[in-house]
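This report describes the packing, the aromatic pairs and the local confidence of one protein model. The sequence and the structure come first.

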Amino acid sequence: MGRRQARRKHEDFSFVSPFVKYLLFIFNMIFWIISMVMMLMGVYARVMKHAEAAMACLAVDPAILVLAVGALMFLITFCGCVGSLRENVNLLHTFCVCLTIVFLMQLTAGVLGFVFSDRAQGKVSEFINNAIVHYKDDLELQNLIDFGQKEFNCCGGVSYKDWSLNMYFNCTPENPSRERCSVPFSCCLLPKDEAIVNTMCGQGMQDLDQQQASVFINTKGCIDSLVTWIHDNLFLLGGIAMGLAIPQLVGILLSQVLINQITDQVELLQYNVQHRSDPWQ
């Protein structure tokens, strides 16, 4: 009887820690819910747009970015949720490898952006110019640009005259638009206590030289303002980077621990099967 109880107790032993298992499950469940919310927001934003406008500014559409990041998070965290709950080694391996790849890609992008800062600045300039071209085509993009120009006290990419890239603000004599040679209202130097914003305050600003225009609008380009802001907020950006990196590293560590525990448990079960000489003992 004592030998049978000892064997039963030995067979009931498990290497898999419930704490690690359910901690990883809850960890993934939180980000899985966040990813679904992001995808719903992205889909809603895309559906609400007109088809022509949506296709015209596809490359600079914030909704596409939110949708893509949400979909990637959904797939990775789904593998983590199901893999931890069902103790599926293959899904956990997929989760761990994908999360590691994402972490390494972010790290590589950060290092390359620092080392090749001139090229990175050129890509940012190209992106901003493309956004300027499609400023009137997408309301979300328009709000994003206006927010950036107001927050960074800037106008355009390199200078306020970059707004001539937009067909409505283009400063050529052939342009029939009423907003010819203008800039968006978000470039204007407006009093903070002004209740009603004059959206036509940027009218004809591109016809003025920089000294004359600086009385009415921000003439500094947003790229220079962004570089200055980055240099002034390195500790904040470092904290954000750590905030993004730590959950990923925790997920990688927990998944690897659980994989090792499940592997040990499988080996234990195989050992018990191979060495069970008499099942009635």
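Buried means under 20% relative accessible area, exposed means over 50%, and partly exposed lies in between, with a 1.4 Å probe and protein chains only. Helices (H or I, at least four residues) and strands (E, at least two) are DSSP runs, numbered from the N terminus. The model is predicted, so local features need a pLDDT of at least 70 and side-chain atom pairs count only at pLDDT 80 or more, while totals for chains, interfaces and linings use all residues. Residues are numbered from 1 along each chain as its sequence is written, and side-chain values use heavy atoms, with hydrogens and water left out.

**Confidence.** pLDDT is the predictor's confidence in each residue, from 0 to 100. The protein averages 84, and 87% of the residues score at least 70. Helix 3 (residues 51–56) has the lowest confidence, at a mean of 47, and helix 8 the highest, at 91.

**Helix 9.** In helix 9 (residues 222–232), the residues C222, I223 and S225 are buried. They lie on the same side of the helix because they cover an arc of only 160 degrees around the axis, the arc being that of the directions from the helix axis to the C-beta atoms. H231 and D232, on the other side of helix 9, are exposed. Helix 6 and helix 7 are among the parts that cover the buried residues of helix 9; contact here means heavy atoms within 4.5 Å.

**Nonpolar cores.** A nonpolar core is a set of buried Ala, Val, Leu, Ile, Met, Phe, Trp, Tyr and Cys residues joined through side-chain atoms within 4.5 Å. The largest has 18 residues, and I145, C155, W163, V183, C187 and I217 have the most contacts inside it. Helix 6 and helix 7 are the elements that give two or more residues to this core, and helix 6 gives the most, with 3 residues. A second, separate core of 16 residues includes F27, L92, L258 and I259.

Q149 is located in helix 7 and is buried, at 2% relative accessibility. Leaving aside residues up to four places away in sequence, Q149 touches C154, C155, G156, W163, P184, S186, C187 and C222.

**Aromatic pairs.** Rings of Phe, Tyr and Trp (its six-membered ring) pair if their centres lie within 6.5 Å; planes under 30 degrees apart count as stacked, over 60 as edge-to-face and the rest as tilted. By this rule there are 7 aromatic pairs. Two of them are listed below.

| Pair | Centre to centre | Angle between planes | Type |
|---|---|---|---|
| F74 and F78 | 6.3 Å | 15 degrees | stacked |
| Y135 and F169 | 6.1 Å | 45 degrees | tilted |

Y135 lies in the loop between helix 6 (117–133) and helix 7 (139–152), and F169 in the loop between helix 7 and helix 8 (210–213), so this pair ties together parts that are 34 residues apart in sequence. Y135 and F169 are both buried.

F74 and F78 are 4 residues apart in helix 4 (residues 62–86), about one helical turn. F74 is partly exposed at 24% relative accessibility, as is F78 at 40%. Together with W32, F74 and F78 form one aromatic cluster.

**Positive phi.** N153, a residue other than glycine, has a positive phi near 50 degrees. N153 is in the loop between helix 7 and helix 8 and is partly exposed, at 47% relative accessibility. C181, also not a glycine, has a positive phi of about 65 degrees. C181 is found in the loop between helix 7 and helix 8 and is buried, with a relative accessible area of 1%.
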